[in-house]
Amino acid sequence: MPSRNHARAAHNVGVLLEGFKDKYVGYDQLALNLDGWQTIPDLCLFPRGELPTDWLTDDDEVARPPALVIEILSPKQNLQPLVDKIREYLRHGVKSCWLVEPATRVISVFPISGGSRAFAEGTLRDETLGIEIPITKVFA
């Protein structure tokens, strides 16, 4: 179960990502089935138009990798399983993953090209997706 700070960070990130709704569509807790690997990220973004927008039909799972997956560390959760999960997302075609750590107010960006970059202040820049958000507003 997400904690108070987990839920707050997820909400704030979602609101900030609305600024990119011309390019991306955001989803909370969307069930993914990527080549048989089933997972539910905290948040994810798909390029606008990639998934159907028909409200009369629905899908229990999505089989396409999102462009961005965001995982938020909960207080009783260990870091390593989330890092392993990020590796798995990238292996399945996700272009970028963010790991949000509310207690330390740090967001790490893991692009599909490799490596990572941690942001604790200023502006988070995800160069892979062309997204920039202010760190202070995530943890406001």
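1. Helices (H or I, at least four residues) and strands (E, at least two) are DSSP runs, numbered from the N terminus.

2. A word on the source. This is a predicted model, in which local features need pLDDT of at least 70, side-chain atom pairs count only at pLDDT 80 or more, and totals for chains, interfaces and linings use all residues. Residues are numbered from 1 along each chain as its sequence is written, and side-chain values use heavy atoms, with hydrogens and water left out.

3. Back to H1. His6, Ala9, Ala10, Asn12, Val13, Leu16 and Leu17 are buried. Buried means under 20% relative accessible area, exposed over 50%, and partly exposed in between (1.4 Å probe, protein chains only). Down the axis of H1, the buried residues fall within an arc of 165 degrees, so they line one face of the helix. The arc is taken from the directions from the helix axis to the C-beta atoms. Arg4 and His11 are exposed on the face turned away from the buried side.

4. Next, a hairpin. Strand E9 (residues 123-126) and E10 run antiparallel, joined by four bridges. Strands pair if DSSP finds at least two bridges between them. Threonine 123 stands opposite proline 134 in E10. Four residues lie between the strands of this hairpin, and glycine 130 takes a positive phi near 70 degrees.

5. Strand E10 (residues 131-134) has two faces to compare. Ile131 and Ile133 form the covered face. Glu132 and Pro134 form the uncovered one.

6. Now two single residues. Lysine 76 lies in the loop between strand E5 (68-72) and helix H2 (79-91). Lysine 76 is exposed, with a relative accessible area of 85%. Valine 106, in strand E7 (residues 106-111), is buried at 17%.

7. Which residues lie nearest the centre of the largest pocket? They are Tyr27, Pro52, Thr53, Asp54 and Asp58, from a lining of 17 residues. Strands E1 (24-28) and E4 (43-47) are the elements that give two or more residues to this lining. On a 1 Å grid over the protein atoms alone, a pocket is an open set of points where a 1.4 Å probe fits, with protein on both sides within 12 Å along at least five of seven lines; lining residues have an atom within 4 Å of a point.
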